Amino acid sequence: MSGQINAFEMAQKQFDGVAKQLKLDPGVAEVLRWPMREFSFRIPVRLDDGSLRVFQGFRVQHNDARGPNKGGIRFAANETMDTVRALATWMTWKCAVADIPLGGGKGGIIVDPSTLTVNEKEEMCRGWVRAMWKNIGPRNDVPAPDIGTTPQMMGWMMDEYSRLVGQYTPGVFTGKPLGGGGSLGRTEATGYGVIYTVREAMKHLNIDGKNSVAAIQGFGNVSQYAAAGFVEMLGGQVACVSCWDRHEKKAFTYSKKGGVDPRFLLTIVDEYGTIDKAKAQDAGYTVEDGDAWITKEANVLIPAAMEGQVTADTVNKMSKNIKIVAEGANGPCTPEADEYFKKNNIFNIPDFLCNAGGVTTSYFEQVQNDMNFYWSKDEVLGRLDEKMTSAFNSVVDRSEKEKVYMRDAAYMVAIDRVVQAMHLRGWLTGNS
Ligand code: NAD
């Protein structure tokens, strides 16, 4: 997904490969290769200097056979319709593999949000909702935050929707702030979810968590709680974490003899996931270049920063003791890395299974909004563990039964569930 690769072409290629293995009817495959609905619209925003600027917005609804479409809204300068299509398609598979009753959606605006004032950002969020409100809602499409969007923005968007429909409707957006309709446990959900799947993979492979060491890329929302969970839930050590230093404009790897202390690092990281280098050095941390993370001695690799990090070039630098690769980020490993994992018998937990904790807890948020009754954090995380464990087991069982690689098995589980829902609804019989 990095560089010139078209993400949607990649999503279709992955799907085509598994559809062939599943011997899917070509007509059914054609339904799933493309999103069911796409929206492209213009959003006029009055800037603080009095001028009017028009932004390009998108929403793609890939498939809602299993329930309302679900997926983030991304504010990014390099946003394209094809990126949104790809992400919406992957959301369909992610919700299906996690077995939550939702479909796949994604949206965005072509904009670098850091160039806007708070007021302008709020106007833009409200403008996106004014363009889309008739086609979103708790029963048809529920957006959430993604890159460049925040819980506060979800609060504004929910408010705009509620005004337009004339009633408080918190379940239309998830990822809202706590106290504004958000769910306890959402902050930890994706990182802890990664660790629940790593724990299950260790059981499956007979690996002792207490004697395990993880090398982690990133120290943002996912990686912070994956690091904490690896130490606190599995009793293992975290050899390193890394981050993009927004002041020095380069990436660094942070390590410490005996393992890093994620809870300490949480006290010296900013909201953008940049660790305070001076404070880390004062506390005895070794700071190396950003690409050192992958070379650290470990048996678990958790790329949890961004796409395209474990590649034909970098995969050979990985410790020869790595037994599990848990994809915390979306698309962190390229097809060449997959080939290396297959050849070297490295167990892969594919992204749309491994990081499904975020969307699963978003679903819990919506359920709580619908009931207007809120769960404790332990209740949220307990239910999350149940869902992640069961999703992991479905994929491992399929992988063993069909003797296929974990990524292919995850696709098979997801595609089967979506096709079954389309059949049950009569979408494929010709009478609908
Ligand atoms: P984030 O912005 O909170 O954190 C990203 C971290 O990666 C930061 O610490 C940043 O400094 C670091 N980073 C960026 N570039 C780097 C580089 N070149 N080298 C080393 N570190 C680098 O993002 P996040 O929410 O933690 O998301 C991380 C990944 O997980 C993304 O691929 C995202 O799509 C995926 N994901 C996130 C969630 C979620 O709930 N947050 C859910 C599913 C998937």
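**Exercise 1. Describe the setting of T253 in this predicted model, starting from its burial.**

Solution. 
1. T253 has a relative accessible area of 0%. Buried means under 20%, so T253 is buried.
2. The residue belongs to strand β8, which spans residues 250–255.
3. A polar atom of the T253 side chain lies 2.8 Å from the backbone oxygen of D289.
4. Setting aside residues within four places in sequence, T253 contacts C240, V241 and S242, a run from T286 through V287, E288, D289, G290, D291 and A292 to W293, and also K296. D289, the partner in step 3, is among these contacts.

**Exercise 2. Is H62 buried or exposed, and which side chain does its own side chain meet in a polar contact?**

Solution. 
1. The relative accessibility of H62 is 1%. The limit for buried is under 20%, and therefore H62 counts as buried.
2. H62 sits in strand β2, residues 52–63.
3. The side chains of H62 and T92 are joined by a polar contact of 2.7 Å.
4. Beyond four places in sequence, H62 touches T92 and also L32, W34, P35, M36, N69, A88, T89, W93 and G104.

**Exercise 3. What is the volume of the second largest pocket, and which element gives the largest share of its lining?**

Solution. 
1. The second largest pocket holds about 650 Å³ of space.
2. Its lining has 28 residues, and those closest to the centre are M10, Q14, P335, D338 and R407.
3. Elements that give two or more residues to this lining are α1 (7–21), α3 (81–97), α10 (335–343), α11 (351–354) and α14 (406–424).
4. The largest share is that of α1, with six residues.
5. By residue class, the lining divides into 12 nonpolar, 10 charged and six polar residues.

Methods:
Residues are numbered from 1 along each chain as its sequence is written. This is a predicted model: local features need pLDDT of at least 70, side-chain atom pairs count only at pLDDT 80 or more; totals for chains, interfaces and linings use all residues. Side-chain values use heavy atoms; hydrogens and water are left out. Helices (H or I, at least four residues) and strands (E, at least two) are DSSP runs, numbered from the N terminus. Buried means under 20% relative accessible area, exposed over 50%, partly exposed in between (1.4 Å probe, protein chains only). A polar contact is a pair of N or O atoms within 3.5 Å; within protein, one must be able to donate a hydrogen and the other to accept it, and residues adjacent in sequence count only if both atoms are side-chain atoms. Contact means heavy atoms within 4.5 Å. On a 1 Å grid over the protein atoms alone, a cavity is a set of points where a 1.4 Å probe fits but cannot get out, and a pocket is an open set with protein on both sides within 12 Å along at least five of seven lines; lining residues have an atom within 4 Å of a point. Grid points are joined across faces, edges and corners, and a volume is the space filled by probe spheres set on the points. Ala, Val, Leu, Ile, Met, Phe, Trp, Tyr, Cys and Pro count as nonpolar, Asp, Glu, Lys and Arg as charged, and the others, Gly among them, as polar.
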